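Open the model in a viewer and follow the stops below in order. Each stop says what to select and what is there.

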Amino acid sequence: MPSVMLRKREDGKLLFYVAKKDLEETIESIEFDRPDKWGGEVVLGDGSRYYFDLLDAPPKIPITLQAKRL
Amino acid sequence: MAAMTKEETEALIQEVLEVYPEKAKKDRAKHLAVNDQSLEKSNKCITSNRKSLPGVMTIRGCAYAGSKGVVWGPIKDMIHISHGPVGCGQYSRAGRRNYYVGTTGVNTFGTMNFTSDFQEKDIVFGGDKKLAKLIDEIEALFPLNKGISIQSECPIGLIGDDIEAVSKVKTKEHGKTIVPVRCEGFRGVSQSLGHHIANDAIRDWVLDKRDGDDSFPTTPYDVAVIGDYNIGGDAWASRTLLEEMGLRVVAQWSGDGTIAEIEKTPKVKLNLIHCYRSMNYIARHMEEKYSIPWIEYNFFGPTKIAESLRRIAAHFDDTIKEGAERVIERYQAEYEAVIAKYKPRLQGKKVMLYVGGLRPRHVIGAYEDLGMEVVGTGYEFGHNDDYDRTIKEMGNATLLYDDVTGYEFEEFVKKIQPDLIGSGIKEKYIFQKMGIPFRQMHSWDYSGPYHGYDGFAIFARDMDMTLNNPCWKNIKAPWKTEAAGSEAVKAVA
Ligand code: SF4
């Protein structure tokens, strides 16, 4: 379960950053991105997939969250 | 030599790898690559931030060097104790040329060396008592210090001293910030982990000191310069540009910086990152905790400076945007004159670089402004994200080498025959003896600043001075030059 820091890039895309792994990738898609539900499976620019626990509202970015590697 | 094609560069890498035993060859092959601008991600072509191969000559430093030498050392009003044996601190003392103003030994301590000078008995019985005594002595002898950092050298971690406990006790006793830094040299694969550890120590022990204290008057134009170590005055040359465009520089991290500036940084509106490698960690932390956005910028060479000034200005209102244009215009005649003077002397020359954490990509623009071409570059301790940012800056089919070994670098240079090499002090004399002009690009070869418009003029002059120095023609012994034989005979007769 790596700690993932999420931040917005200048062009508005979400960046997925894992310090320990030097992984800085864009998030290409996220399963739930609604005002009342956020999280689930995300697909990164390099094709790898991670899972965020579901939240009741979109988090305030930037934030550090735990993700599971799928 | 004409620019190499992709196949030629690949063949060169294969040729150089040939001498290694099978296993080493496999490992090193991953660290050498041919640049391909079409790639988005560097991990497709190059591996970085891995342990160096035993037996090869690496140029890397240790975690202590990254923390004490790079991040903490330049904070001028703190005393940084090199905790452990005397050598680590003494042999690196004042080597980085981080300029600062102040009276050394009274209110600033940048070029001094403080060490606990471990002896055998300290290793056997532990050094905590000695450390406590040392802190008391510092307080008595240098009462104007604003804080102390304890930079652990290798033995501290090995013998399991509890420097955190000593720090806590002494912080209470003296009422000053005392920071234990666990940057023992053996941690990680290079100085890079030392940067990270140092950033984390600042985060945990210093950064939140003024949370909830709003006595510092802020303006909408407050910025912090992060990752500029004021080598030869770099941060000053950068700061003037930012101030001229209307921004207020609250803090310099950490060249010519103070602990008060660091404590005030969470109040700024934007963090400006020059050396991404050594300080991105703290910028990311501030973004998350204090919602301060950060951007990377590059103050080497007029093209990149103008780009960066505009990018910075885009985060502010029109007065700053106009300010940026005004600054660019004001220096235009100056840098155009520099280019007019030096470009004809440097045009078309080829450069190979091998430096630390930001310069392998940041200085490319400055060379290009002078009509020069960077044909090979590499990082001592870069990570994937550094190479991601390098691919687009370098031309296609140029060489990339990560944690290059002494042997590889020499062989590459022999084949590529660059006109100039920019690297560190350990490489300098080898290449000078090979007859190739060389600039020391860590501490600017005792010159600088190179940042900003003022720095660009010095940069251009230095490159010209080195490259076109008449001494390179005299490297070969007179009797070994081809024409010499017959002429010498004539002269004698
Ligand atoms: S590796 Fe250890 S002993 Fe060597 S300089 Fe670094 S801290 Fe000192």
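Begin by selecting Phe109(B) and Phe142(B): both are buried (under 20% relative accessible area, 1.4 Å probe, protein chains only). This is a predicted model, in which local features need pLDDT of at least 70 and side-chain atom pairs pLDDT 80 or more, while totals for chains, interfaces and linings use all residues. Residues are numbered from 1 along each chain as its sequence is written, chains are lettered from A and ligands numbered from 1 in the order written, and side-chain values use heavy atoms, without hydrogens and water.

Next, select the aromatic cluster made up of Phe300(B), Tyr367(B), Trp444(B), Tyr450(B), Phe456(B) and Phe459(B); rings of Phe, Tyr and Trp (its six-membered ring) pair if their centres lie within 6.5 Å.

Tyr367(B) is also among the residues with the most contacts inside the largest nonpolar core, which has 92 residues. Such a core is a set of buried Ala, Val, Leu, Ile, Met, Phe, Trp, Tyr and Cys residues joined through side-chain atoms within 4.5 Å. A separate second core, of 26 residues, includes Leu53(B) and Phe438(B).

Now go to Tyr17(A): Arg284(B) lies over its face, 3.4 Å from the ring centre. In Phe32(A), the ring has the charged end of Lys37(A) over it, 4.1 Å from the centre. The criterion is NZ of Lys or CZ of Arg within 6 Å of the ring centre and within 35 degrees of the ring normal.

Key:
Buried < 20%, exposed > 50% of the residue type's maximum accessible area, 1.4 Å probe, protein only. Phe/Tyr/Trp six-rings, centres within 6.5 Å; stacked < 30°, edge-to-face > 60°.
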